[in-house]
Amino acid sequence: MTGPKGSGKSTLIKALFPELPVRFTEPPIYRIYEASQAMRVVEVPGRADAVRLLLAAPPWKVSVGLLLVDGSQQPRADLDLLPLVLAAPQRALVLTKLDLASSESVKLARAEAQKIDLDFFAVSAVTGQGIPELLQWITTGAKPKPPEAPQPKVEEKIAPMFLADVIPVPSPRPPARATLSPEEEAVLKACDGRKSITEIARELGVSPAAVKGAVDKLFSKGFIKELKPKVVV
Amino acid sequence: MSEVYKIALRLQKAFTPTVHVLVAKTLFTYMVSTVVRERKDPRAVNTELFRQGIWGGSLAMLNLAPVGSLRRLWKPDPGGVARFIEVFGSAAWHIFAGHVPSLRTEILDKRGVVWAELEEVPGKDAFYKVEAPEGVDTLYFVAGAYEGATQTAYRLLGVEEQWLSLWRPLEGRGICGFYARRDLDLKEVEEAVKRKKPGFFDLISWNDSASILEETLGISIPRI
């Protein structure tokens with residue numbers, strides 16, 4: 001099982017196999033859980049280097065591969081992680097956090113799965129939606145039936161209220177040496193001292209929360225000097 | 001050590017720009033009025049104030065706490081964590097409410113669960129002390145601010161995936177919360193917190209906090 005950080009790998013393992021002593025931290029290269037004598041669950045972090053390493057010297061035979069996408073964010077499959085999932089004869093794209101996902105996100109993720117030839121499941125570890133179907137598919141290989149795939153909760157969502165927007169101001173003297181993730185690099189490139197977090201999120205096609213996360217990390221590394229409040233009309 | 005920081009804080013406040021509490025109260029009243037008009041139900045108002053607080057607390061942590069100071073003070077053993085809360089918990093209250101609060105910490109589990117209660121000093125004015133409709137508790141904003149600030153501090157310290165911290169109001173006289181290691185049995189942590197303060201998760205549950213933190217700050221804490 002692999003997926004980007006925060007996509008809910010550990011939470012899904014706990015929902016599928018509640019008896020396992022799941023750790024909720026990102027594994028360094030991989031983490032193995034013994035689900036039964038015949039089944040091991042391997043959690044792989046959503047990093048291309050971990051995937052490359054495991055593909056170069058696979059320490060086990062992968063029979064079921066799950067690629068996770070976060071239903072509360074843009075449900076895009078990370079293609080860097082795909083080769084590991086494709087190494088398994090039985091593989092699926094799993095949209096997690098279905099309780100927070102819009103029906104549009106579910107539709108997009110299903111289309112994405114079709115495009116890369118993976119079975120598709122939409123699940124919520126919080127409400128339990130889709131978990132029994134996924135577990136049955138893992139253990140028996142029974143194909144999921146699209147019309148019976150769980151739908152997101154039909155619940156009137158209250159529109160979130162406005163949060164005070166801020167402009168991340170880049171530092172005039174950034175550190176000479178620092179390691180930045182691709183997300184941090186993209187956000188830093190978009191920071192021009194005039195655009196707010198919401199505007200950067202719109203430009204990059206990601207959520208404001210994702211931009212805020214990258215800004216926090218850039219701040220701690222000395223690339224962002226301050227956050228200026230901005231009135232957005 | 002905490003005493004030295006307290007003196008440094010007093011000096012900092014004496015020499016940095018400050019503002020009369022009336023200005024902050026007027027702006028805060030405007031914000032609460034807007035939320036009340038928008039949400040109406042007091043429980044929904046309190047939840048929205050908490051969400052706004054999370055965002056504000058995170059921004060405050062980024063703008064006001066030097067990362068170097070955070071790193072110097074952070075010692076991930078329960079005693080060290082208690083001292084960390086004492087210094088930064090008091091500092092934040094001092095900066096935003098204008099006085100040093102009464103602060104108590106207690107180690108609930110030696111493996112890494114530390115409880116904290118911050119109580120206002122009676123008679124002291126502060127930005128959140130505004131008249132609000134019945135059922136609306138403006139301390140939800142303050143509790144949210146502490147939750148957002150602490151989670152942001154974890155991110156700045158690089159321990160975002162090892163610790164979590166949740167905060168709630170303390171019966172109209174302050175706020176309370178806890179720091180916990182994520183690798184503990186979180187159900188047990190929840191039970192320990194409920195034993196300490198039975199109504200802690202009544203309005204905003206553990207998972208509600210997780211949703212709000214994820215949606216506002218992109219911080220993912222394990223759900224239970």
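Guide: Gladly; we will take the labels in turn and set each value against its definition.

Guide: This is a predicted model, in which local features need pLDDT of at least 70, side-chain atom pairs count only at pLDDT 80 or more, and totals for chains, interfaces and linings use all residues. Residues are numbered from 1 along each chain as its sequence is written, while chains are lettered from A and ligands numbered from 1 in the order in which they are written.

Visitor: What makes up the secondary structure of chain B?

Guide: Chain B has eight helices and four strands. Here helices (H or I, at least four residues) and strands (E, at least two) are DSSP runs, numbered from the N terminus. Along the sequence of chain B the pattern reads α-α-α-α-α-β-β-α-β-β-α-α. Chain A, for its part, comes to eight helices and eight strands.

Visitor: How do you know which strands of chain B form the open sheet, and in what order?

Guide: Two strands pair if DSSP finds at least two bridges between them. The open sheet has four strands in the order β1-β2-β4-β3 of chain B, with antiparallel pairing. From one strand to the next, the twist averages 15°.

Visitor: Why is one side of β1 and of β3 of chain B left without a neighbour in the sheet?

Guide: β1 (102–109) and β3 (163–169) of chain B stand at the edges and each has a single partner strand, so one side of each has no neighbour in the sheet.

Visitor: Why are α3(B) and α6(B) called oblique to each other?

Guide: They pack at an angle of about 40°, with their axes 6 Å apart. Axes are lines fitted to C-alpha atoms, for helices over the stretch in contact, and angles run from 0 to 180 degrees between N-to-C directions. Angles under 35 degrees count as roughly parallel, over 145 as roughly antiparallel, 65 to 115 as roughly perpendicular and the rest as oblique. α3(B) and α6(B) are therefore oblique.

Visitor: What is the hand of the crossing of α3(B) and α6(B)?

Guide: The crossing is right-handed. A crossing is left-handed if the near helix is turned anticlockwise from the far one by less than a right angle, and right-handed if clockwise. The contact of these helices has 15 nonpolar, nine polar and two charged residues. In that scheme Ala, Val, Leu, Ile, Met, Phe, Trp, Tyr, Cys and Pro count as nonpolar, Asp, Glu, Lys and Arg as charged, and the others, Gly among them, as polar.

Visitor: Is B:L213 buried or exposed, and how do you know?

Guide: A residue is buried if 20 or more other C-beta atoms, placed from the backbone, lie within 10 Å of its own, exposed if 12 or fewer, and partly exposed in between. B:L213 has 23 such atoms, so it is buried. This residue is found in helix α8 of chain B. Leaving aside residues up to four places away in sequence, B:L213 touches B:I54, B:Q151, B:I219 and B:I221. Touching here is contact, with C-beta atoms, placed from the backbone, within 7 Å. The C-alpha atoms of B:L213 and B:Q151 are separated by 8.5 Å, although the two are 62 residues apart along the chain.

Visitor: What makes B:K40 count as exposed?

Guide: B:K40 has 10 C-beta neighbours inside 10 Å, so it counts as exposed. B:K40 lies in the loop between α2 and α3 of chain B, and its phi is near 65°, a positive value in a residue other than glycine.

Visitor: How much of chain B counts as buried?

Guide: Of its 224 residues, 43% count as buried. For chain A the figure is 36% of 233 residues.

Visitor: Which elements of chain B give two or more residues to the side that touches chain A?

Guide: In total, 26 residues of chain B are in contact with 25 residues of chain A. The elements are α2 (21–39), α3 (42–64), α6 (139–157) and α8 (206–217) of chain B. By class, that side of chain B has eight nonpolar, nine polar and nine charged residues.

Notes
Contact = placed C-beta atoms within 7 Å.
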